[in-house]
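Hello,

Here is the structure you asked about. Please have a look at it before reading my notes.

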Amino acid sequence: MKLKQRVVLLAILLVIFIFTKVFLIDNLDTSAANREDQRAFHRMMASLHVELDPRLDHTLQSPWEIAAQWVVPREVYPEETPELGAVMHAMTTKKIIKADVGYKGTQLKALLILEGGQKVVFKPKRYARDYVVEGEPYAGYDRHNAEVAAFHLDRILGFRRAPLVVGRFVNLRTEIKPVATEQLLGTFMTVGNNTCFYGKCYYCRETEPACADGDIMEGSVTLWLPDVWPLQKHRHPWGRTYREGKLARWEYDESYCDAVKKTSPYDSGPRLLDIIDTAIFDYLIGNADRHHYESFQDDEGASMLILLDNAKSFGNPSLEERSILAPLYQCCIIRVSTWNRLNYLKNGVLKSALKTAMSHDPISPVLSDPHLEALDQRLLSILATVKQCTDQFGSDVVLVEDRMTLSHL
């Protein structure tokens with residue numbers, strides 16, 4: 001073989017070697033990430049069932065101190081939380097030392113202070129489990145059980161961006177009225193043999209109180225985030241107008257996502273991917289009411305989108321409101337870790353996992369069977385939407401690697 005031919009051959013072999021090495025390294029990195037996603041999924045599945053147990057591993061700390069230390073810019077609670085059952089037990093059993101009207105909002109709620117000084121938000125039961133909320137996807141009262149179910153779905157999806165929620169029964173006569181502020185107490189009434197209250201909020205009406213069964217009221221309690229983490233409210237870029245005949249821009253402009261990508265904080269950092277994670281979360285629970293969202297203050301787009309106020313969910317199991325998925329199908333991007341987790345939850349795994357996760361709750365069964373069935377059907381719709389994106393743009397464009405180190409120091 002002539003020298004020139006040998007040089008050409010060596011050059012070709014060298015190019016092949018370099019490309020092969022790069023390809024193998026990339027594949028190894030991807031495989032390692034996928035393996036870690038799979039391990040994380042198995043860890044989550046192994047810890048699904050949370051026993052509400054008062055025992056704490058950290059005996060020198062209160063459950064409230066432990067939960068406060070969990071919060072970091074990208075998580076409300078860590079992946080491994082052996083004290084989760086103890087914190088939730090405290091939320092559902094600790095003595096109520098003060099009760100007041102809820103913070104500003106459109107829906108009825110009460111702000112409770114539990115023994116040890118911990119704030120929680122109490123949302124009362126308004127509907128039976130099998131009640132179907134007709135009309136617009138954001139219609140009806142808040143659903144207390146939806147808050148419980150949404151929290152556990154957040155755990156299952158691996159987001160860990162929703163504050164802790166647990167069901168609780170309270171005696172309005174003996175636990176609430178003796179410690180209620182005058183403002184809250186002034187909204188109490190008796191309807192038949194039932195104690196009721198209507199609170200203070202935008203839509204709160206004396207003619208539409210929430211009523212206990214006698215004196216015992218079922219509800220949910222949501223753990224208040226630590227005061228050292230003040231919240232900042234943002235208008236959701238895919239928010240609705242809530243005006244008949246008036247569409248938001250995203251509802252008629254197919255290139256809307258391109259405009260969003262040019263505005264802060266969606267032009268860099270994790271926020272846009274958080275919006276898409278949230279759209280997936282909201283589609284699964286049937287929440288079309290996220291017109292605003294919260295992050296931690298002064299975060300410059302780096303902190304998570306916190307999954308607060310999920311009670312306008314699980315209203316109608318037969319309704320699939322595809323517009324909730326607009327951030328996903330208009331932007332056509334999704335985190336690889338989210339995509340992997342959704343695929344692990346196929347074939348009935350999601351329904352089974354959520355049912356197991358909620359089985360410990362004091363107000364179990366939290367959801368009716370039609371709502372659990374709807375989750376699996378909606379998951380298939382999400383997977384199909386992503387496939388349409390990858391068919392059109394390719395998986396290299398659609399599947400985005402965005403793993404952020406989460407520190408719990």
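Below is what I found, grouped by region.

First, the ground rules. This is a predicted model, in which local features need pLDDT of at least 70, side-chain atom pairs count only at pLDDT 80 or more, and totals for chains, interfaces and linings use all residues. Residues are numbered from 1 along each chain as its sequence is written, and side-chain values use heavy atoms, with hydrogens and water left out.

**The annotated site**

UniProt, in an unreviewed entry, lists Asp142 and Asp309 under "binding site". Its positions are given in the numbering used here, feature names are shortened, and annotations may be inferred rather than shown by experiment. The two residues are spread over 168 residues of sequence, yet they cluster in space, with a largest C-alpha distance of 9.1 Å.

Asp142 sits in the loop between β3 and α4 (144–157). Helices (H or I, at least four residues) and strands (E, at least two) are DSSP runs, numbered from the N terminus. Asp142 is buried, at 11% relative accessible area. Buried means under 20%, exposed over 50%, and partly exposed in between (1.4 Å probe, protein chains only). Leaving out residues up to four places away in sequence, Asp142 touches Gln107, Lys123, Arg126, Ala311 and Lys312. Contact here means heavy atoms within 4.5 Å.

Asp309 is in the loop between β10 (292–296) and α9 (326–331). Asp309 is partly exposed, at 40% relative accessible area. With the sequence neighbours up to four places away not counted, Asp309 touches Tyr103, Lys123, Glu147, Asn287 and Arg290.

**The core**

The largest nonpolar core has 107 residues. Such a core is a set of buried Ala, Val, Leu, Ile, Met, Phe, Trp, Tyr and Cys residues joined through side-chain atoms within 4.5 Å. Those with the most contacts inside it include Ile156, Trp238 and Leu284. Helix α8 (residues 271–285) gives the largest share of this core, 9 residues. Trp238 has contacts beyond four places in sequence that include Trp250, Tyr256, Leu272, Pro327 and Gln330.

**Helix α2**

In α2 (residues 63–70), the buried residues are Pro63, Trp64, Ile66, Ala67 and Trp70. Seen down the axis, they fall within an arc of 160°, so they line one face of the helix. That arc is taken from the directions from the helix axis to the C-beta atoms. Their cover includes α3 (84–93), β2 (110–114), β3 (118–124) and β8 (216–223).

**Ser381**

Ser381 is in helix α12 (residues 369–393). Ser381 counts as buried, at 18% relative accessibility. Beyond four places in sequence, Ser381 touches Tyr283 and Glu320.

Best wishes
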